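Please report on this model.

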Amino acid sequence: MKKICLAILAALTMWSWSAMAAIDAQKAEDFVKDLTQQGIEQLINSNASEAEKQARFTKLFNEDLDLDFIGKFVLGRYWRTATPKQRADFIDVYRKLNIQTWSARFNEFKGKRFEFLGSESSKSADQVFVNTQVPMPEGAPASVKWRVKETGGKYRIVDIIIENVSLAQTARSEYTGYIQKSPEGVNGLIKDLRAKLK
Amino acid sequence: MKKILTTLCIAALYSTLNISSACAAENEDSALESYNRAMFNFNTKVDDYVVKPVAKGYRAITTDFIRERVRNFFANLKEPASMVNHGLQGNFADSGKSLGRFAVNTTLGLLGTFDVAGGWGLKRNKTGLDATLAKWCVPDGPFIVLPLLGPSTPRHTVGLAGDALADPTYWADYYASFGKDWERYSFYYGLTALGFVSLREANLDMLDNLTSTSVDVYGTIKSAFLQNRLKLNVCATQDGQPASYDFDFDDEDAFED
């Protein structure tokens, strides 16, 4: 009897321990709801000027996307050997390029809305996938999964998976493959990415 | 030595992630890669000088309304392939829906240009031979770039060919031009070309955006194409295994060529 009690106690402690360590899926979902509704849907459909939209989008992007975390991942094994200046330069140009790309592409979501389909756990305890879909005028709805990470109570997006295609993984394949072939390595990548900025 | 290390890394990746063939596909053979890049450059040239200008011209002379009719028309021609393949995958209800959609949209929907069945709740649910083969656990094979048709894999290519055989206009043309060899398929080829232009038009903005921000368009398209296909590989991702996008952010070697 004592043994069973101990086992139950141990199980309960472990359960509550893991529950404490893991990210709160409901809060993550609320965070993405806030982001898509107030951030994206209202921003796109508002009557604000293009410059105003751009400024609001940039703010949203910087606050809600953990680009330092993503940038480290997309540089792969080259992150470790990169100098602090290379790291900072890369994150900077990667951030600008993403803002440029996404402020152009979010217009594709004009008039569309995100439907929330619950969440999906990740192997990483501090992360969770929030599943959404966007109904399309023709054909099946597009699947959009938001990978949310919690850092000290703050929720941020670390990856967006559209139709099974992870943006972080695609960027990593592109950049690491590029560095491998570039004679100038990481500096070559930073230089060529800067050339892509408008 | 590097080769051995790479092999070990791939083996480790296999055993930990268990994505099997799909993951290996991102690490491509160097001879195959040089062929692929050459073919990709050729396709890009054809696109720059012919396909893209034609697609832009098509956009300039048509309205949204017309383009949607055209897209619907081509989507409707794929319903027979969906019907057969839903059946081959054992989804008989979906197979019946595809048949119903084809019957309703071809007649009431004026040759498929209007999605009448969609309005009745029979939503489009496309599938094809590629998805069937994936369900039967046929491996995908390496990434290959086809002339004009672009990114593919061996299984994807077989799927394209099989689905083309289920296209009703192919058979309509075959019988309509019976005995007149010289004009056989000319109608079908014309339609296929229009379908190609319609598809290119729908992707103009997306591809322009991609080429303006990517430092390696080939690498980006290859990675995205292969990731998108992983959702078909139901055999490789059984229950209890992490999804392909649930990678570890601390894994330094994942997804690198």
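The report below starts with confidence and ends with the interface.

## Confidence

This is a predicted model. The predictor gives the complex an ipTM of 0.81. The pTM is 0.82.

Chain B averages a pLDDT of 84. In that chain, 81% of the residues score at least 70. Residues 1-25 of chain B have a pLDDT below 50. Beyond near neighbours in sequence, this stretch still has 23 contacts in the model. Where pLDDT is low, the predicted coordinates should not be read in detail.

## Overall make-up of chain B

Chain B has 257 residues. Its secondary structure comes to 13 helices and two strands. Buried residues make up 29% of the chain.

Contacts in chain B can also be sorted by sequence separation. Take those with a separation of 6 or more: 65% of them join residues 24 or more positions apart.

## Helix H4 of chain B

Helix H4 of chain B covers residues 64-77, which is 14 residues. From first C-alpha to last, the helix reaches 20 Å. That is close to the 20 Å expected at 1.5 Å a residue.

Which residues of H4(B) are buried? They are Arg71(B), Asn72(B), Phe73(B), Ala75(B), Asn76(B) and Leu77(B). These buried residues pack against four helices of chain B: H5 (79-88), H6 (92-107), H10 (168-176) and H11 (186-202).

## A hairpin in chain A

Strand S1 of chain A spans residues 115-121, and strand S2 of chain A spans residues 127-134. The two run antiparallel and are joined by five bridges. One bridge pairs Glu120(A) with Phe129(A) in S2(A). S1(A) and S2(A) form a hairpin, with five residues between them.

In a regular strand the side chains alternate between the two faces of the sheet.

## The contact between chains A and B

The contact takes 34 residues from chain A and 33 residues from chain B. On the side of chain A that touches chain B, several elements give two or more residues. They are helix H4 (67-74), helix H6 (84-105), strand S5 (165-166), helix H7 (167-181) and helix H8 (185-196) of chain A. Which element gives the largest share? H7(A) does, with nine residues.

What is the make-up of this side of chain A by class? There are ten nonpolar, 14 polar and ten charged residues.

Note on methods:
Residues numbered from 1 in each chain as written. Chains lettered and ligands numbered in written order. Predicted model: local features only at pLDDT ≥ 70, side-chain atom pairs only at ≥ 80, totals over all residues. Expected span 1.5 Å × (residues − 1). Buried ≥ 20, exposed ≤ 12 C-beta atoms within 10 Å, placed from the backbone. Contact = placed C-beta atoms within 7 Å. Nonpolar A, V, L, I, M, F, W, Y, C, P; charged D, E, K, R; others polar. Pairing = 2+ DSSP bridges. pLDDT = per-residue confidence, 0-100.
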